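Here is a note for a colleague who has not looked at this structure before. Please read the points with the model open.

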Amino acid sequence: MTSHRRPKQPSRTRVTVLTTAAAAAVALSANSADAMPSQRLGKDEVKAKADKLYEQAEQATEKYNAANEKQRKLQKDISAIQDSVARGQQELNALREGLGSLATAQYRSGGIDPSVQLLLSSDPADFLAKASTLDQLSSQEVEALKKVQDKQRELAQQRAEATEKLEDLTTTRTELGNRKKEIQNRLAEAQKLLNTLTAKEKAALAAVQQRAGHASAERVNLGHDTPASGRAGAAFSAAQSQLGKPYVRGGTGPSSYDCSGLTSWAYAQADVSIPRTSEAQSGIGTRLTRSQLQVGDLVFFFNDLHHVGLYAGNGQILHAPRSGTVVRYESMDTIGGPFMFGVRV
């Protein structure tokens with residue numbers, strides 16, 4: 001017998017879910033098809049965003065350099081204080097032994113004088129407060145105790161200073177870690193952006209950079225600017241010998257550089273010691289306007305002075321720009337941030 005039972009109909013809930021899912025899939029597919037072309041950034045926009053990230057990485061690099069310099073100084077200071085404390089403790093022990101010898105001598109001659117008992121007290125300050133009432137206390141004994149008291153006070157101050165610097169060192173090391181992480185994040189973001197470019201787009205950007213570099217070098221050669229001084233000229237010549245060396249965070253030469261690493265290295269070759277960071281370098285000489293610049297002067301960019309180079313003449317600078325680049329000439333007008341001032345060392 002043929003069955004005439006009606007086929008089971010899907011529940012209303014199941015129909016609703018399936019319909020909604022299908023509609024969403026269609027919409028997503030349509031949206032994706034429409035959105036993909038517009039979501040992909042052009043090479044110029046990618047470059048602009050990547051350059052901004054590189055700028056932020058360089059900004060963090062100079063702060064990292066400052067923290068690193070501070071860490072080295074703190075470690076040096078702490079070591080010196082600890083050495084001084086160790087020597088001071090030996091001196092204090094010798095002074096106490098001298099007082100002990102005095103007590104021993106008096107004991108052998110018939111007993112320890114009350115004044116000497118106070119000399120050996122654990123609280124020299126208390127002793128000095130009472131010493132004025134002891135007629136039998138000699139000036140030699142007073143002087144001996146004062147030396148002990150002064151040495152104890154000096155050691156206490158040095159230990160407190162060492163403790164403070166150790167706390168500062170801990171904070172500085174934390175800052176170093178944070179800056180390093182910030183730099184790595186910015187560089188990773190920039191690389192991720194650049195990876196979206198095609199090989200042809202990357203080649204086009206590289207060609208633009210190469211042409212700009214050649215143009216800057218030609219303008220330097222055509223310039224008629226003279227060095228600010230013999231030392232500035234020597235520093236500039238040293239920097240020129242490093243053309244093509246890679247930018248590396250924390251690099252101070254001679255295999256790689258960051259911006260302030262190049263300028264400090266160049267001046268060191270001219271027997272001139274300048275600070276490590278761009279911010280510190282900005283305060284070491286006479287400030288200059290753009291029209292006053294001469295070859296070899298330091299030039300600073302961005303409001304926070306996180307970038308520095310050497311003036312190369314004819315509106316060009318010689319510098320270590322950022323990650324992914326090399327030491328090169330570049331127009332002052334294409335640095336990416338405003339020129340703030342120059343400094344003649």
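1. The model is predicted, so local features are given where pLDDT is at least 70, side-chain atom pairs count only at pLDDT 80 or more, and totals for chains, interfaces and linings use all residues. Residues are numbered from 1 along each chain as its sequence is written, and side-chain values use heavy atoms, with hydrogens and water left out.

2. Confidence is given as pLDDT, the predictor's confidence in each residue, on a scale from 0 to 100. The chain averages 81, and 74% of the residues score at least 70.

3. Helices (H or I, at least four residues) and strands (E, at least two) are DSSP runs, numbered from the N terminus. Among the elements of the chain, strand β2 (residues 298-301) has the highest mean pLDDT, 98, and helix α1 (residues 12-39) the lowest, 44.

4. Residues 12-38 should be read with care. Over this stretch pLDDT stays under 50, and the model has one contact for it beyond four places in sequence. A contact means heavy atoms within 4.5 Å.

5. The structure holds 17 salt bridges. The term means a side-chain nitrogen of Lys or Arg within 4 Å of a carboxyl oxygen of Asp or Glu.

6. One of them joins Glu-55 and Lys-52, with the closest N and O atoms 3.7 Å apart. Both residues lie in helix α2 (residues 43-108), three residues apart, about one turn of the helix. Is Glu-55 buried or exposed? Glu-55 counts as buried, at 18% relative accessibility, while Lys-52 is partly exposed at 44%. Here buried means under 20% relative accessible area, exposed over 50%, and partly exposed in between (1.4 Å probe, protein chains only).

7. Another salt bridge links the side chains of Asp-150 and Arg-153, at 3.1 Å from N to O. These two are three residues apart in helix α5 (residues 139-194), which separates them by about one helical turn. Asp-150 is partly exposed, with a relative accessible area of 41%; Arg-153 is partly exposed at 41%.

8. Which parts does the salt bridge between Asp-333 and Arg-290 tie together? The N to O distance of this pair is 3.1 Å. Asp-333 lies in the loop between β5 (328-331) and β6 (339-344), and Arg-290 in the loop between β1 (286-288) and β2, so the pair ties together parts that are 43 residues apart in sequence. Asp-333 is exposed at 58%, and Arg-290 partly exposed at 38%.
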